[in-house]
Amino acid sequence: MDNADVAVIGGGPAGLQTARLLAEGGADVTVLEAKPAVGANVVCTGLIGRDVFSEFRLPGETIGPDFQEAEIVSFSGRSIRYRHPSPFASIVDRERFDGNLGGLAREAGAEIETGTMVRDVSVSRDGVTIEAERDGRPVRRRARLTVLATGVEGRLHAKLGLTPPARRIYGAQVEIRGEGSVAPTIFVGPPTAPGGFAWSVPSGGDRFRIGLITDGNPRKVFDDFAARYYPRLDPAGAVRRLEFKPICQGMAKRSVADRALAVGEAAGQVKTTTGGGIYYGLWGARLASETILEALKKNAFGPADLAAYDRRWKAGLRREISIGYYARKFYSMMSAGQFEALFTLAQSDGLIPVIQNEGQFDWQSGLILSLFRKTAVAGIFKGLSRNNVFLDRLLN
Ligand SMILES: Cc1cc2nc3c(=O)[nH]c(=O)nc-3n(C[C@H](O)[C@H](O)[C@H](O)COP(=O)(O)OP(=O)(O)OC[C@H]3O[C@@H](n4cnc5c(N)ncnc54)[C@H](O)[C@@H]3O)c2cc1C
């Protein structure tokens, strides 16, 4: 299709769900995806909350193991076995998950052009022109409006008058075969992965995804982490090789512009605690498609016509994204001693009931505030708590 109502650039979960909802609403939609196939070579653990499937009408067949328990390991080697009152998350294979989303978008009538790398985009009075490349040949597409769903890639934002999220953290992950716990293991404490944490998550059969997020140099942090906890890990024998990928952090200042809006990670719809972006991307897709369908009806695509989307998703996620950010920053400033004291408090059962009562996989701000109020009162953060801007923001 050369002239579409909407051209979605990027066929990850956020772009595909936006395309699906728009096509279901009667719009002509084309998705332009650089990879040769939807879902190919995605670097992602695939952990998502159990409710995602019903909330966003997704087929459950890509769901892998369900998790109700997790092992939390501190840098000094102590561990806590946590059990949630009900299964809190599932793991999906992103190749199949994204592939299914693509199938749903196609069924609804969207076109998906894979192997199509968008190089340039420009907006004029009567539409958007997209210059792409496929098999070394130029491809041009026109649409009334474009949705930027390019994930962490920020090269096209400025051409559309959008801003990418200002900050990033860095992820690393490898998938191996081996023996290990049937529950996810989370490695915490500032020295493990500065500014973040590491994990080993069973991904089905005898496979495990081992990875981390960090503010530091992900390769060095991964090497140190693997040497300490998985000294026999052989990246050459991996089921999926060790890969590194940044993750956006923080809300994009401008997620709408003339005939353009950004959705998913491209807008900063990512949890600032864990770097998880699938749920918020699907959530953002719903609001984006509602605004776009209205705009198509009115044939009005200026920033003011699209502003409702920017307002609505930020109103819904601002608290989560900012509290998560301050919490992770505060965590990254804790000394090893303070962290171990926090761990002792958790082991003595001071924190577990709070997590069991208030823990929600995708909406974490309530739990974070309860935990900080409790631990700050316990006096663990003496010295850090005074004049600490991150703690101040969290508690006031
Ligand atoms: C190590 C690691 C582990 C993670 N684990 C989890 C997890 O367990 N749970 C979770 O929810 N999230 C996790 N995430 C984050 C999650 O993978 C992303 O936030 C999510 O994929 C974002 O979805 P999206 O649709 O916005 O972007 P993406 O999934 O990144 O999709 C963007 C698409 O746009 C395409 N594209 C980019 N530029 C162009 C262009 N110029 N032309 C055409 N196509 C283009 C890309 O090829 C890509 O397919 C993890 C990330 C990392 C790095």
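Which residues of helix 1 are buried? In this predicted model, they are Pro-13, Ala-14, Gly-15, Leu-16, Gln-17, Thr-18, Ala-19, Arg-20, Leu-21, Leu-22 and Ala-23. Helix 1 is thus a reasonable place to begin. Helix 1 is mostly covered, with 11 of its 12 residues buried. From the first C-alpha to the last, helix 1 reaches 16 Å, close to the 16 Å expected at 1.5 Å a residue. The cover over the buried residues of helix 1 includes strand 1 (3–9), strand 2 (29–32), helix 3 (94–108), strand 11 (137–148) and helix 5. After helix 1 comes Gly-26, which has a positive phi near 100 degrees.

Ala-105 lies in helix 3. Ala-105 counts as buried because it has 27 C-beta neighbours inside 10 Å, where 20 or more are needed. Ala-105 and Leu-16 are 89 residues apart along the chain, yet their C-alpha atoms are separated by 6.3 Å. Residues up to four places away in sequence aside, Ala-105 touches Leu-16, Ala-19, Arg-20, Ala-23, Val-31, Ala-110 and Ile-112. Among these, Leu-16, Ala-19, Arg-20 and Ala-23 are also buried residues of helix 1.

The next level is the division into domains. The protein is divided into domain 1 (3–58 + 92–166 + 249–317), domain 2 (71–91 + 170–247) and domain 3 (322–395). Between the C-alpha centres of domain 1 and domain 2 there are 29 Å. Contact between these two domains involves 13 residues of domain 1 and 15 residues of domain 2. On the domain 1 side, the touching residues comprise six nonpolar, six polar and one charged.

The buried nonpolar residues come next. In soluble globular proteins, nonpolar side chains tend to be buried together. Here the largest nonpolar core has 96 residues, of which Val-6, Val-29, Leu-148, Leu-212 and Val-263 touch the most other members. Helix 5 gives the most to this core, with 10 residues. Because domain 1 and domain 2 both give residues to this core, the core lies between them. With neighbours within four places in sequence left aside, Val-6 is in contact with Leu-22, Ala-27, Val-29, Ala-143, Arg-144, Leu-145, Val-147 and Ile-292. A second, separate core has 14 residues, including Tyr-326, Ala-327, Ile-368 and Phe-372.

Which residues does Ala-346 contact, leaving aside its neighbours within four places in sequence? They are Ile-80, Leu-351 and Ile-352. Ala-346 and Ile-80 are 266 residues apart in sequence, and their C-alpha atoms are 8.1 Å apart in space.

Most residues other than glycine have a negative phi, and most peptide bonds are trans. Arg-57 is not a glycine, although its phi is positive at about 50 degrees. Arg-57 sits in the loop between helix 2 (52–55) and strand 4 (63–67). Is Arg-57 buried or exposed? Arg-57 counts as exposed, because it has 11 C-beta neighbours inside 10 Å. Asp-135, likewise a residue other than glycine, has a positive phi near 50 degrees. Asp-135 belongs to the loop between strand 10 (127–134) and strand 11. With 7 C-beta neighbours inside 10 Å, Asp-135 also counts as exposed.

Technical notes. Residues are numbered from 1 along each chain as its sequence is written. This is a predicted model: local features need pLDDT of at least 70, side-chain atom pairs count only at pLDDT 80 or more; totals for chains, interfaces and linings use all residues. Helices (H or I, at least four residues) and strands (E, at least two) are DSSP runs, numbered from the N terminus. The expected span of a helix is 1.5 Å times one less than its number of residues. Two residues are in contact if their C-beta atoms, placed from the backbone, lie within 7 Å. A nonpolar core is a set of buried Ala, Val, Leu, Ile, Met, Phe, Trp, Tyr and Cys residues joined through C-beta atoms within 7 Å. Domain bounds come from an automatic or database domain assignment. Ala, Val, Leu, Ile, Met, Phe, Trp, Tyr, Cys and Pro count as nonpolar, Asp, Glu, Lys and Arg as charged, and the others, Gly among them, as polar.
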